[in-house]
Amino acid sequence: MDFSFIDQLCEEFIERGAFPSVVVSVYDKEGTLYRKGYGANEIDGKLYPVNADTVYDVASLSKIATTTMLMLLMEEGKLALNTKIADVLTEIQSRPNLYERLKNVDMYQLLTHSSGILDWYPFYVQAGKDFYDVFESFIGDTEIQQGTVYSDMNFMLLGKVVEKIKGKPLPECLQELKETLGANRLEFLPTDLSNMAPSSYGNAIEEEMVAERNLVFENWRSKEVPVLGGVNDGNSHYFFGDVAGHAGVFADVDAYERIGRLYMTKDYDVMVQSLKEQEPGRGLGWQIHEMFPAGAGHTGFTGTSIWVSREKNIGAIAFTNRLFFKDHEGVLTMEFRKRLSQAILEAVQK
C-alpha cells in the first residue's frame, strides 16, 4: 500500500512552520503499516533529526493512557461507570464545597467531560498545598458547567482513582500498562533523554491564561531554555511534579499504536463502547470528531494525536512538537490531523 502522501503532507506542514518535527505511524489490528519521522529539532545550535523511535511529551494523550488503565480495571470488575468519585476518593468527603459539587459525579461523567467542572484552573498558583485543599478553595465559587466541557480536572481525579484502586503511585500503574502492551517507551519522569523531542520554550500561553484570571505565579521556566524531559503542561509540571492523570506521559509512537490496537482487538464491552459517542463529541475518554473518521481519537496540546477506527480496521499516531518555537507560539494542527486521517482512510479503501 502506497503511503507516500504522508511524506508530502508532513514536509508541507514543516515548511509552513506548523511544527519542527513529526513522527507518524499507521497501523491496523494486525500490525504496523507505515512509520517514519520527519524534520529535526535545533538545540544549542545543533540539529537533531527525529526518527521513528523519537520520544515526545504526549500532553493530553496521557488521558488515553489513564482511560485505558480505567477500562482494564472496569473489565476486572474493580470499577464501574456509575461508581461515584467521592466513594473512591474519600478525601473529597471532608471538604464541604468539593463534596457538594462532586457527590453525584461518577466515572462516566468524568470520562465524558460532563461532570460540570470548569475547564481549567492553575493549581500551581497555590503550589505546596494539598490537591484537594486547592480544589476546595475555588470550586464553590465556580458555576456548574452545562453539557460537555473539556476539563483537565476530570482526569486529574481519574488519575487519583487509578492510584487508589491499584494501591500504588501512578508511575508504577503506567509501568504495568507498559508491560501489558509490550511497549518500549511509555513513562512518567523519563531519565533517558536521548532521542527525545523538546516540547517548548517555557509556558508563554499559560502565562497569559494566568494573567487573564488575575492570578499570580512567579516561578515560570525560562523562555530561552528548551523544555526537554519535563512536561509542558503547567499543572502537571509545577504542581504535580510531572506526574498526573491528565498530562505527563512521555512515549514513542509505538506505545500509542499498541494502545490503539488494544481497542481494535479486545472485545471488552466498555472498551468497545468507549470509542462510540456517549455525549456530544465525546466517547469514554475519547473524542469524536471529523479529525477521526469512522472512529475516535484524542489530541494533545503539544501537537500529538491518536486515531482508532475499529469499523475500518485502521488507525494513526502523529506526534509533533508544535510549541517548540522561540519566535511564535505554534499553530493549531487540526488541519494536519484531519488531512492525515482522511488521506489514510481513502488509501486503505481503494
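**Group meeting: strands, helices and cores of a predicted model**

Good morning. I begin with helix α7 and what follows it: just after α7, glycine 167 takes a positive phi of about 70°. Helices here are DSSP runs of H or I with at least four residues, strands are runs of E with at least two, and both are numbered from the N terminus.

Two remarks on the source. This is a predicted model, in which local features need pLDDT of at least 70 and side-chain atom pairs count only at pLDDT 80 or more, while totals for chains, interfaces and linings use all residues. Residues are numbered from 1 along each chain as its sequence is written, and side-chain values use heavy atoms, with hydrogens and water left out.

Let me stay with α7. The helix covers residues 152-166, 15 residues in total, and spans 21 Å from its first C-alpha to its last, close to the 21 Å expected at 1.5 Å a residue. The expected span is 1.5 Å times one less than the number of residues. At the start of α7, a side-chain oxygen of serine 151 comes to within 3.2 Å of the backbone nitrogen of methionine 153. Buried residues of α7 include Asp152, Met153, Phe155, Leu157, Leu158 and Val161. I use buried for under 20% relative accessible area, exposed for over 50%, and partly exposed for values in between, with a 1.4 Å probe and protein chains only.

Leucine 157 brings us to the cores. The largest nonpolar core has 81 residues, and those touching the most other members are Ile85, Phe123, Phe135, Leu157, Leu186 and Tyr256. Helix α2, residues 62-75, gives the most to this core, with eight residues. A nonpolar core is a set of buried Ala, Val, Leu, Ile, Met, Phe, Trp, Tyr and Cys residues joined through side-chain atoms within 4.5 Å.

Which residues does phenylalanine 135 contact, leaving aside its neighbours within four places in sequence? They are Leu98, Ile117, Phe123, Met153 and Leu157; contact means heavy atoms within 4.5 Å. A second, separate core of 23 residues includes Leu9, Tyr34, Tyr38 and Leu340.

Helix α2 itself is mostly covered, with 13 of its 14 residues buried. From first C-alpha to last, α2 reaches 20 Å, close to the 20 Å expected at 1.5 Å a residue. Glycine 77 follows α2, with a positive phi near 80°.

I turn now to strand β1, residues 21-27. Seven of the seven residues of β1 are buried, so the strand is largely enclosed by the rest of the structure. Ser21, Val23, Ser25 and Tyr27 point one way, and Val22, Val24 and Val26 point the other way.

β1 runs antiparallel to strand β2, residues 32-43, and seven bridges join the two. Strands count as paired if DSSP finds at least two bridges between them.

Beyond four places in sequence, serine 25 touches residues including Tyr34, Val253, Glu257 and Ile317.

A further serine, serine 114, lies in the loop between α5 (107-111) and α6 (131-139). Serine 114 is buried, with a relative accessible area of 17%. A 2.8 Å polar contact joins its side chain to that of threonine 112.

There is also an open sheet of three strands, in the order β4-β6-β5, with antiparallel pairing. β4 (56-57) and β5 (186-187) stand at the edges, each with a single partner strand, so one side of each is left without a neighbour in the sheet. Aspartate 57 has phenylalanine 250 as its bridge partner in β6.

Finally, the cysteines. How many disulfides does a search of the whole structure find? The search finds zero, a disulfide being a pair of cysteine sulfur atoms within 2.5 Å. Cysteine 10 counts as buried at 0% relative accessibility, and cysteine 173 counts as buried at 1%.

Thank you.

How values were computed:
Polar contact = N/O pair within 3.5 Å; in protein donor to acceptor, adjacent residues only side chain to side chain.
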